[in-house]
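Thanks, everyone, for making the time this morning. Let me put the structure up, and then I will talk through how its two chains meet.

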Amino acid sequence: MSFIQIQPDYQYGFKDTEAHIFKTPKGLSRAIVEMISRYKNEPQWMLEYRLHAYDVFCKKKMPHWGADLSGINFDEMYYYLKPTERSTQEWSDLPKDIKKTFDRLGIPQMEQDFLAGVGAQYDSEVVYHNMRKELVDLGVVFSDVETAMREHPDLVKQYFGTVIPSGDNKFAALNSAVWSGGSFVYVPPGVQVNTPLQAYFRINAQNMGQFERTLIIADEGSFVHYVEGCTAPIYQSASLHSAVVEIIVLRGARVRYTTVQNWSKNVYNLVTKRAVAYEDATMEWVDGNFGSRVTMKYPSVYLMGKGARADILSLAMAGEGQHQDAGGKVVHVAPLTTSHIVSKSISHHGGRTSYRGLLKIHPEAYGVKSNVQCDALILDEASRSDTYPVMEIDNDDVSIGHEATVSKIGTEQLFYLQSRGLSPQEASLMMVNGFIEPIVKELPLEYAVEMNRLIELEMEGSVG
Amino acid sequence: MNNICVNPNDELVVVDDGGVSGEAVITVEPFGVVRYFFVPTSVIVPSPTLGEGTMTRRTLRVELHADARAEICGAVLAEHDSHYQFNLTVHHLGPRSQSKTLFKGVGKDASKQVFNGMIKIDKPAQQSNAFLENRVLLLSKHAKSESKPELEIEANDVKASHAATTGRIDDRQLFYLQSRGIEKALAQEMIIKGFLFEVMKLIPQS
């Protein structure tokens with residue numbers, strides 16, 4: 001099998017031999033969509049939903065306004081691959097190869113040490129799902145969406161596709177047609193889930209498309225922190241990851257969604273993430289993008305109820321051959337809502353980072369406060385950085401601020417650190433770590449350590 | 001407005017009253033300086049009818065060669081149902097070029113103003129310095145504002161930044177003036193004048 005070393009220090013680039021029990025033929029057609037739905041034994045409404053989405057996907061044009069997507073070939077891809085017979089709650093029940101993968105990624109150890117629940121997806125299906133017993137007793141639900149469709153059909157039917165309809169964009173339509181796996185989370189009123197729930201997504205097969213679907217519902221006054229991590233092996237041909245994440249934050253609830261995206265550099269990562277926040281609810285996105293060839297992802301929040309709040313922290317790092325087109329969107333529909341977006345990006349070795357954002361204030365939304373801050377660091381001559389924010393303001397009783405800067409690491413600062421005995425590399429690394437500190441300090445400690453280490457690896461051999 | 005070329009080492013002041021909508025390019029040769037002001041007449045002579053139903057659109061591109069400098073300012077007072085759109089691209093082509101942009105807008109009644117401001121810095125334009133600022137005051141529920149400050153930076157040894165704010169008149173400022181015996185309407189006018197004066201005072205008197 002062809003295997004190239006594009007990314008010498010990508011430590012998750014290993015792959016296991018592909019063993020699957022069911023795989024759809026290459027390419028996408030109506031028949032494939034029907035095949036997936038039949039194989040999953042779904043209710044009729046879901047099959048219809050998928051087929052409608054497939055039609056939308058065929059009609060919609062590729063987005064032309066963002067990153068270069070010409071490397072995606074929809075006909076060369078596999079849309080569904082089931083790696084094992086069933087999902088389990090015991091790591092030891094997993095087929096050896098899959099278990100080995102997750103052991104190497106350190107997931108079982110992390111679960112023991114500091115997580116309230118873990119879901120692990122391998123290609124198209126969730127193979128492992130488990131949550132602490134006390135949370136199960138409180139009525140918290142954490143499962144894959146297929147299971148939720150069987151066990152909580154009303155909740156799924158009520159909310160599925162309501163935040164992101166299949167007509168939203170081409171890739172949301174694609175996901176709606178062939179989705180598989182992902183997480184379903186329901187937190188009952190007043191329940192505080194104090195340790196994070198984590199989902200881990202792994203693409204193993206070559207030319208694979210992963211289309212997980214996540215639906216999180218935080219009932220009134222509840223709290224949950226959901227963390228996702230992603231890695232894939234290094235193949236010469238491109239893989240596609242196109243997820244849809246829908247979050248409903250009901251009155252007074254708070255949801256934090258943290259992503260540490262570290263796909264290998266042959267993955268197109270085109271994800272639609274959106275939350276609706278009702279009265280006095282808080283939605284927080286913490287979005288870290290390090291891997292992938294191209295990422296296009298703009299986590300958004302619709303503030304639908306008085307006093308709702310949105311916080312978006314976005315961190316992107318682009319190296320050789322990478323384009324991170326990330327950002328955030330906030331739509332203020334209700335009065336007295338507030339939002340805060342902080343974006344930090346670093347481009348090096350010819351990488352390109354773009355911030356793309358939207359801030360929209362509806363005419364009924366008075367008393368709105370919003371602040372957006374984008375900072376970019378360019379570490380060398382070959383790299384590039386862009387900022388594309390849009391502000392549409394239809395109400396006078398608002399206070400809106402936007403600020404963006406692009407710069408390099410200051411020579412004076414580097415000189416000072418070197419005069420204190422640091423090498424140029426150490427000094428640059430220290431500056432970069434200081435630059436992203438406002439975001440890293442929001443992460444759970446274990447992830448903060450991981451992120452700092454990732455940056456150290458990425459920056460090896462680069463001098464300011 | 002026609003296309004303009006500023007010769008090497010020359011300095012040019014352009015005052016644009018927005019009279020005719022259209023597109024223009026200002027090219028600034030090495031060590032040249034351009035000072036451009038967009039001041040539609042309604043700012044100078046506010047009148048109850050002027051601006052009504054008008055649509056003013058200007059698309060301006062400023063190209064800066066090595067060591068060229070540009071100061072780009074705008075003051076817009078949008079009343080009634082008038083509509084202003086300003087599309088600006090400041091394109092840094094050569095090294096050590098500098099640009100500073102300040103656009104201020106006041107939105108009254110059912111007016112709408114759109115400001116698109118792009119700073120582009122090409123690879124050869126190292127050691128360039130660019131700053132863009134867009135400040136909007138909205139005075140009516142029905143006034144609308146859109147602001148799109150953008151950056152496309154391909155050189156690493158540069159400084160580029162922008163800032164944009166939208167809000168209404170600070171209640172504390174109004175309260176202070178009223179406590180000094182100034183009527184609310186007049187106080188509001190004074191604050192608007194002061195707000196736009198930051199741009200107006202930069203226009204050379206000759």
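Predicted model: local features only at pLDDT ≥ 70, side-chain atom pairs only at ≥ 80, totals over all residues.

How many residues of chain B are in contact with chain A, and how many of chain A with chain B? The count is 28 residues from chain B and 30 from chain A, where contact is taken as C-beta atoms, placed from the backbone, lying within 7 Å. Residues are numbered from 1 along each chain as its sequence is written, with chains lettered from A and ligands numbered from 1 in the order in which they are written.

On the side of chain B that touches chain A, strand 11 (144-153) and strand 12 (159-167) each supply at least two residues, strands being DSSP runs of E of at least two residues, numbered from the N terminus. Strand 11 of chain B gives the most, with 10 residues.

Strand 12 of chain B pairs with strand 24 of chain A, residues 398-407, in the antiparallel sense and over eight bridges, pairing requiring at least two DSSP bridges between the strands.

As for chain A itself, its C-alpha trace spans about 65 × 60 × 45 Å along the principal axes. Among its contacts between residues at least 6 apart in sequence, 82% join residues at least 24 apart.

Technical notes:
Contact = placed C-beta atoms within 7 Å. Helix = DSSP H or I, 4+ residues; strand = E, 2+ residues; numbered from the N terminus.
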